[in-house]
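Biologist: I have a two-chain model open on my screen and would like to walk through it with you. Could you help me read it?

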Amino acid sequence: MVKTVANLLLTLSMSVAFAAGSDKDKMNKARELYEKGKLDAAVDIYSKIQPSSDFWLEALEERAWAHTRQGKFEDALADLQSITSPVWAPQVGPETYMLSTFVSLKICAYKDVIKKVDIFKKRMLPRVDALQAMIDLPMSEETWKTISKLKKSTISMSSLGQTADKFPRYFYRDSELISLVKKGSREKADARMKALAKADLAEIETNLKKMKIIDIELIQNVLTLDKDQTVKAKDLKFSGTDKNKTMTFPVSGGDDEVWVDEVGHFQVKAEDCPYKGASL
Amino acid sequence: MKNLILSSLAIALLVPTLSLAQGGKKDLKNEFSTLGDNRDVVERVKNMDTHQKVRVVQNRLVDRNHRIELAGNYAFNGGGDSYVKTQNVGALLEYHINPRWSLGVQYQKSYNTLTPEGENRLEAALADQTVNKGSTMKYPAVDYPLETQLATISYYPIYGKMNLFDTGIAQFDVYVQLGYGKMNLFSGTSDVMSVGMGSGVWLTQRITTRIEGRFQQYEDLLKTDRRKQSNFQAVASIGILVW
């Protein structure tokens, strides 16, 4: 009895501590659960990260991974629709685009695969240029001025805005860089930024290779399909919502306009690979 | 056949990678050029349907389930008696059953003046009667509303949202409204029926605004001549959700 009460109190105190913890703690916990394969629990914690958090985009991306592993491709696409919108383009890494393309391939949305491959190229090529320039050239005054803000910890993805893609992702969370900037060691900070840029380039390269594999899979699937095979689209219906509390808006494929308030509120209904013999 | 294509493509992909690795520094940008470059596939995919739908589901920013709205309004009249210009100031009390239906009561106080045509007729008759004792020119016969009370039912079938000059987003509903009530005219009382269409914009949890066009029918009386009158009102309201 005493042991049960003690356990209950311990669980309660851990829950309270977690609830009060930082978003970083939540992310760490969610990642731990993800690693253990406890995907539902991980999704629950990722969902607790608010849009105002600097970890929100990562949380959505990792939640999309969890949904993909669960085979919940519609949920994964809904999260990815949010984070791959042009609003966040400078802040989103290559893996997100790769995952989004992969999920579209899984459900045989080939038109989307082509479109996403194109978006991947358009968004990554300028970043490759910027990172390469960071590696090849000495640190500019502007960059030093920006990273000097780390002395006061006033940098976030949102504060970087559209310039975020000119820097290694999340450089401002790098403890080594923060320590060097605080010491005022510009040369060493430059070397650290170059190392981070190289890591980002390596990440882009890895995901480029994965995108090429997806591209090959796409080619294989499309070329081996019966040329005349057409599949009539089913009338896809979403599950109902509480009309007294919600509003729903359709999103068309060619919609480039993004309402920031809609990010994080997408729902996707997809038919699971309607083309015969085309699944992965 | 499928395996053959896959093998050929995999070889085609790996060969440049190996040669790049052997050649020292890789040019990452060049590696992008071979991604998604199969025109034949792109052409074939163009003819395929995407079996996917996307929508946005957002919570209503302003809860309108069992809420009471109190608003003041101003209405400008068009139509009605051709010699009278009427403006109205009023108030409405609306009970929102849910975001799609509401019941309301409205009161309007009317302020009337003669139109330029009415004034001309009045002045002409006055002038003529002053100089000509046997004048047959008459003052214009008019009737005009003094106040109106309406009970309404509104249905909000369409909704949307608008960007408020980049300072925020407001949701709105477009509604149709039927009303029935009494109109007190200078000549007496008449039943009044109204059909309206408007838009309610829910600016905050408390502040609301409405713009509405309303067609009304009633009867007035010119001396002994009872006639059907129609008018159109453009109504602008601002209010608060009191509960």
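Biologist: Let me start with helix 10 of chain A: which residues are buried in this helix?

Modeller: First, a word on the ground rules: this is a predicted model, where local features need pLDDT of at least 70, side-chain atom pairs count only at pLDDT 80 or more, and totals for chains, interfaces and linings use all residues. Residues are numbered from 1 along each chain as its sequence is written, while chains are lettered from A and ligands numbered from 1 in the order in which they are written. Helices (H or I, at least four residues) and strands (E, at least two) are DSSP runs numbered from the N terminus, and a residue is buried if 20 or more other C-beta atoms lie within 10 Å of its own, exposed if 12 or fewer, and partly exposed in between, with C-beta atoms placed from the backbone. In helix 10 of chain A, residues 175-183, the buried ones are Leu177(A), Leu180(A) and Val181(A).

Biologist: Why do the buried residues of helix 10 of chain A line one face?

Modeller: An α-helix has 3.6 residues a turn, so residues three or four places apart point the same way. Seen down the axis of helix 10 of chain A, the buried residues line one face because they fall within an arc of 100° (taken from the directions from the helix axis to the C-beta atoms).

Biologist: Which exposed residues sit on the face turned away from the buried side of helix 10 of chain A, and what do the buried ones pack against?

Modeller: The face turned away carries Ser175(A) and Lys183(A). Contact is counted when the C-beta atoms of two residues, placed from the backbone, lie within 7 Å. The buried residues of helix 10 of chain A pack against helix 8 (141-148) and helix 11 (186-224) of chain A.

Biologist: Stepping back, how many helices and strands does chain A have?

Modeller: Of the 280 residues in chain A, 36% are buried. Among contacts in chain A with a separation of 6 or more, 64% join residues 24 or more positions apart. The secondary structure of chain A comes to 11 helices and two strands.

Biologist: Turning to chain B, how many strands make up the closed barrel?

Modeller: Strands pair if DSSP finds at least two bridges between them. The barrel of chain B runs 2-3-4-5-6-7-8-9 with antiparallel pairing, and the twist averages 25° from one strand to the next. The number of strands in this closed barrel is eight.

Biologist: Which residue in the turn between strand 2 and strand 3 of chain B has a positive phi?

Modeller: These two strands of chain B form a hairpin with four residues between them. The turn residue with a positive phi, about 75°, is Gly80(B).

Biologist: Finally, where the chains touch, which element supplies the largest share of the chain B side?

Modeller: The contact takes 37 residues from chain B and 50 residues from chain A. Six bridges join strand 1 (residues 246-251) of chain A to its antiparallel partner in chain B, strand 1, with Val251(A) opposite Val54(B). The largest share of the chain B side, eight residues, comes from strand 1 of chain B.

How values were computed. Axes fitted to C-alpha atoms, helices over the stretch in contact; angles between N-to-C directions.
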